[in-house]
Amino acid sequence: MSIRRGIGFHAFLIVLRYGSRLTQEELAGIDAIKKIFDENVFNKHGIIIMTGGDTFDQDENPTFQEWCRHQSEPFKNLVDDCAGRIFLFDNITKKMAKRTAMRDSLLECVNSLSSNGERYTNDLFKTAAKEREDAIAASKTPVDSDELLLDTSVFLDEFEKCKELEVNTEDAMRDEQLEAWRKLLSRCKALERLFQEKGVKSELQKQIPAFQETLLNFIVAKKFENRDKKECYVAMIEASTQLRTAYYEGKASALQIIGKAALFLVVAGSIAALLAYGLPPVAPLVGGAITTLITKR
């Protein structure tokens, strides 16, 4: 199973931390997601995953389902919205049998949704595009548009590929490495121009030229085998971390403006990343909650 663009999704995972109460921001975020997608999106596609299952006390609670039934109304309402589809994940266990059982139980639930043949499609999501853009336009806070965030995401993916080529190939492939970095520099300049054309002056926009400078310095140092090549590489990695952080903060800001959402959408990667230890490796979570769209191949 994987997350794919262009064909919609079958399951909408809501990942929460066991033992933490739903905040007002998170509740507002849940309402915002319903408005953006559909009032019944959780009922048809929602699955709740609670991480931190290692702290669940079975002496005080016979079963996790029993614990759910004794929670306050906002949480119980969310469980009802998801038609009772909720799982407790022990995301630090080293026992492969336990991890496999948790994974299989979740996949079985996703399969039960996908067997209905009903997807939430991109066409349905696009109908809400105007609401998102209007909310962003009405805000006085500089916010990066969907287009800018998507292009930045693609650029960051390309950077990771270049970094992997640099680390995992021999010096004999130096010309190929240099060519990959030069292409990345061209993409970085194009991304900077796009931000200028859109007139957005956000933290993400500020980080792009800063990263571009370190990238150029590294390319020059690598081309001429300068002594400071290693230092230039380290500086570029540090700048990329700042750029990535600004990207995630930009996504969070856009969602917070749309109904002060406390949820964070992840529409890239794979379900394996989510299931490995309970959460995908992304930036700090917004309001403690994270959502992931999943579709079956």
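## Briefing on the predicted model

Glu 225 lies in the loop between helix 10 and helix 11 (229-257). The structure is a predicted model, in which local features need pLDDT of at least 70 and side-chain atom pairs count only at pLDDT 80 or more, while totals for chains, interfaces and linings use all residues. Residues are numbered from 1 along each chain as its sequence is written, and side-chain values use heavy atoms, with hydrogens and water left out. Helices (H or I, at least four residues) and strands (E, at least two) are DSSP runs, numbered from the N terminus.

**Loop residues with positive phi**

- Glu 225 is a residue other than glycine, yet its phi is positive, near 50°.
- Glu 225 has a relative accessible area of 45% and is partly exposed; buried means under 20% relative accessible area, exposed over 50%, and partly exposed in between (1.4 Å probe, protein chains only).
- Ala 83, in the loop between helix 4 (73-81) and strand 3, is not a glycine either and has a positive phi of about 55°.
- Ala 83 counts as partly exposed, at 46% relative accessibility.

**Strands**

- Strand 2 (residues 46-51) is mostly covered, with 6 of its 6 residues buried.
- Gly 46, Ile 48 and Met 50 point one way from strand 2, while Ile 47, Ile 49 and Thr 51 point the other way; all are buried.
- Strand 1 (residues 11-17) pairs with strand 2 in the parallel sense over 6 bridges; two strands pair if DSSP finds at least two bridges between them.
- In this pairing, Phe 12 stands opposite Gly 46 in strand 2.
- Strand 2 also pairs with strand 3 (residues 86-88), in the parallel sense and over 3 bridges, and Ile 48 stands opposite Ile 86 in strand 3.

**Helix 8 with helix 9**

- The axes of helix 8 (residues 146-168) and helix 9 (residues 174-198) come within 10 Å and cross at roughly 165°. Axes are lines fitted to C-alpha atoms, for helices over the stretch in contact, and angles run from 0 to 180 degrees between N-to-C directions.
- The two helices are therefore roughly antiparallel to each other; angles under 35 degrees count as roughly parallel, over 145 as roughly antiparallel, 65 to 115 as roughly perpendicular and the rest as oblique.
- Helix 8 passes helix 9 in a left-handed crossing, meaning that the near helix is turned anticlockwise from the far one by less than a right angle, whereas clockwise would be right-handed.
- Residues making the contact (heavy atoms within 4.5 Å) include Phe 155 and Phe 159 of helix 8 and Trp 181 and Leu 184 of helix 9.
- The contact residues divide into 13 nonpolar, 2 polar and 8 charged. Ala, Val, Leu, Ile, Met, Phe, Trp, Tyr, Cys and Pro count as nonpolar, Asp, Glu, Lys and Arg as charged, and the others, Gly among them, as polar.

**Helix 8 with helix 10**

- The axes of helix 8 and helix 10 come within 13 Å and cross at roughly 25°, so these helices are roughly parallel to each other.
- Their crossing is left-handed.
- The contact is made by Leu 149, Thr 152, Phe 155, Phe 159 and Glu 166 of helix 8 and by Leu 204, Phe 211, Phe 218 and Lys 222 of helix 10.
- These residues divide into 6 nonpolar, 1 polar and 2 charged.

**Individual helix residues**

- Lys 206, in helix 10 (residues 203-223), is exposed, with a relative accessible area of 52%.
- Leu 27 is part of helix 1 (residues 24-36) and touches Leu 22 and Pro 74, not counting residues up to four places away in sequence.
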